[in-house]
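Here is a short tour for anyone meeting this protein for the first time. Have a look at the fold, then read on.

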Amino acid sequence: MKILHTSDWHLGKKLHQFDLLEDQRYFLQWLTDYINEQQINLLLIAGDIFDTAHPPMGAQELYNNFLAQLFKANYPEKIIITDGNHDGRANMRVPKSILKALNIDVACQLEEELDEHIITFQSGDETVLVGAIPFLRDQDLRKSVSDPTIEPEVAIRSGIETIYANLAEKMTARLAEAPKIAMGHLYTQGVKLEIPETEEGDQKVPDSERPIQMGHQASVNSSIFPATFDYVALGHIHLPQQISGPTEIHYSGAPYPLSFAERNYKSQCNLITIKGQKIQAIDKIRIPVYRKFITLKGTLAEIKLKADQFETFTAPSLIEVKLVEKDYDPLLRSRFDEWREEFHQSQKHAIIVKSSIVFTHDSRDAQQLFQKHQINQQEFTAEKVFQARLELAVDLDELTKKEVLEAFFTLAENTTKND
Ligand SMILES: [Mn+2]
């Protein structure tokens, strides 16, 4: 039996007003072809199919056409979907009964009986059990811990742990000898949010990405997934990776970059092959690159030189420009805009979708202000300024500050800067 694990499609996502729908269409076409060529029996999607609770029409159409296309084909025989923190529950719930008739199971909220989350899937003479747990929201978890003196994060963690422990027990009771797969959409401790190397030598994913990926949920220790599970199919983290723990715990990662910070991720799906009641192999299946995401940093003169040097993939590359000039120049923005206009008219292989300007020797009054708040001017970003201001807010407690900051990061991510 062949099982494919994917997650975090974020259909409907825009990158600084640039619609990624074509990137998503390209991936779904590849996925449809791959599933049928390889005769995949079961497809697992571990949350965040959509980017928002109310995705644009184009994204919904793309998703519906994808499901319809798969339904007409022989493979997969079944699809199991869990809800992520970005998916709106109502949106996922409405078609649940229709999807069920098409052999598509959707877990969009925690049911009273955990048994309802266990799906028995049979293909030929092989059977697997899948425990499909959606993104667990605070209200799902608060029920299980009634002691008000317990810290919310501790209560959430122990709530999640209890759910997976009970799920393992119930799956064993259902069919002890069958291979067992647990699904989830959550943040696990020890997860890597960093990429090994980038073109500019940046080693880290910017801080701004962390709170978004973590959501409002406490992170769990990988030890909450007992060895009863043969494989844990996770979503929520966009960098594909295996988590060390009692069993095979994997994030499939997002199938394409969703921000410039993710430009060097190598996107994949995980292929799980089961033979004779056991997992025989877990393979990383590379997803073809539709386009390159490129960050260019330097003076306007340097950017102009660099901008003409990329190879073309299936679609034009998307470029983020970080202009860094020494001395303050009030005309730089208009000079850059002019050149960008020319650049877009003169070629078809790249599109500049984001830009920012930093003056390292800026001597205007702003300098004093930012020095006072200990912001290094080279790191002068809206996020840093907001963070510094928030630190001065004596009337807010730490938890509120954390929540306000997360909300700001989410807004900042969705807002076009300097355009
Ligand atoms: Mn998520």
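In H6, the buried residues (20 or more other C-beta atoms within 10 Å of their own, with C-beta atoms placed from the backbone) are Ala155, Ile156, Arg157, Gly159, Ile160, Ile163, Tyr164, Leu167 and Met171. The model is predicted, with pLDDT of at least 70 needed for local features and 80 or more for side-chain atom pairs, while totals for chains, interfaces and linings use all residues. Numbering starts from 1 along each chain as its sequence is written.

The cover over the buried residues of H6 includes these elements:

| Element | Residues |
|---|---|
| strand S7 | 118-123 |
| strand S8 | 126-132 |
| helix H5 | 138-142 |
| strand S9 | 180-185 |

Helices (H or I, at least four residues) and strands (E, at least two) are DSSP runs, numbered from the N terminus. The protein has 12 helices and 17 strands. Of its 419 residues, 33% are buried.

Another pair to find is H1 (residues 21-37) and H2 (residues 57-72), whose axes, lines fitted to C-alpha atoms over the stretch in contact, come within 11 Å and cross at roughly 10°. H1 and H2 are therefore roughly parallel to each other, a label for angles under 35 degrees. Their contact (C-beta atoms, placed from the backbone, within 7 Å) involves Leu21, Gln24, Arg25, Leu28, Thr32 and Ile35 of H1, together with Gly58, Ala59, Leu62, Phe66, Gln69 and Leu70 of H2.

Across the protein, 71% of contacts between residues at least 6 apart in sequence join residues at least 24 apart.

Notes
Buried ≥ 20, exposed ≤ 12 C-beta atoms within 10 Å, placed from the backbone. Contact = placed C-beta atoms within 7 Å. Axes fitted to C-alpha atoms, helices over the stretch in contact; angles between N-to-C directions. Parallel < 35°, antiparallel > 145°, perpendicular 65-115°, else oblique.
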